[in-house]
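Here is a friendly walk through one protein chain, from its overall build down to a few residues. Take a look at the model before reading on.

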Amino acid sequence: MDFEKIKNFLNTEDKFCRFCGIKLTVVKDGYAEAVMDIDENKLNGRQVVQGGAIMTLADFAFAGAVNGSGATGVSLNCTTNFLRPGSGKTLKAICRKINQGKKTALYTTEVFNDSQQLVAVMNITGFIINDQPIVS
């Protein structure tokens, strides 16, 4: 499987994440990392990263991980626990496969700040659309 091709496809074709400045940096089998630079457009009224931006970052890491597993998948449900405010210059999301069947999957994504402090954890139930990669 060509993980680089999957990463490049998602980085190019996910227009919302591209607009938000979110980028996959690593895609492997059931694993992915994504980063987001923090700028004023991602801050809420308290001047910390808006929760939706953190959730989008975590979900995009999931997209890389599930599609890197050799299947085309999307988020079906997610639960996010925010542990501390998002701050610093960048946030990094690391997503790992917990379990994957023929139609559903369970992944977890951890989001870290510049100081390697855990900012949020998102548990994602994915729906497997196809048992082929999004690109081949």
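How many helices and strands does the protein chain have? The protein chain has 3 helices and 6 strands, where helices (H or I, at least four residues) and strands (E, at least two) are DSSP runs numbered from the N terminus. Read along the sequence, their pattern is α-α-β-β-α-β-β-β-β.

A word on the ground rules. This is a predicted model, in which local features need pLDDT of at least 70 and side-chain atom pairs count only at pLDDT 80 or more, while totals for chains, interfaces and linings use all residues. Residues are numbered from 1 along each chain as its sequence is written, and side-chain values use heavy atoms, with hydrogens and water left out.

**Overall build**

The radius of gyration of the protein chain is 14 Å, close to the 14 Å that the globule rule gives for 136 residues, so the chain is as compact as a globular protein of that length. That radius is taken over C-alpha atoms, and the rule is 2.2 Å times the number of residues to the power 0.38. Some further values for the protein chain are gathered here.

| Property of the protein chain | Value |
|---|---|
| Span of the C-alpha trace along its principal axes | about 45 × 25 × 20 Å |
| Share of the 136 residues that count as buried | 43% |
| Share of contacts with a separation of 6 or more that join residues 24 or more positions apart | 64% |

Buried here means under 20% relative accessible area, with exposed over 50% and partly exposed in between (1.4 Å probe, protein chains only). Contact means heavy atoms within 4.5 Å.

**An aromatic pair**

The count comes to 1 aromatic pair. The rings of Phe-62 and Tyr-107 have their centres 5.2 Å apart and their planes at 80 degrees, so the pair is edge-to-face. Rings of Phe, Tyr and Trp (its six-membered ring) pair if their centres lie within 6.5 Å; planes under 30 degrees apart count as stacked, over 60 as edge-to-face and the rest as tilted. Phe-62 sits in helix H3 (residues 51–68) and Tyr-107 in strand S5 (residues 104–112), so this pair links distant parts of the chain, 45 residues apart. Both Phe-62 and Tyr-107 are buried.

**Around Leu-24**

Leu-24 belongs to strand S1 (residues 22–28), and at 1% relative accessibility Leu-24 counts as buried. Leaving aside residues up to four places away in sequence, Leu-24 touches several others, including Leu-10, Ala-34, Phe-60 and Gly-64. From Leu-24 to Ile-94 there are 70 residues in sequence and 10.0 Å in space, C-alpha to C-alpha.
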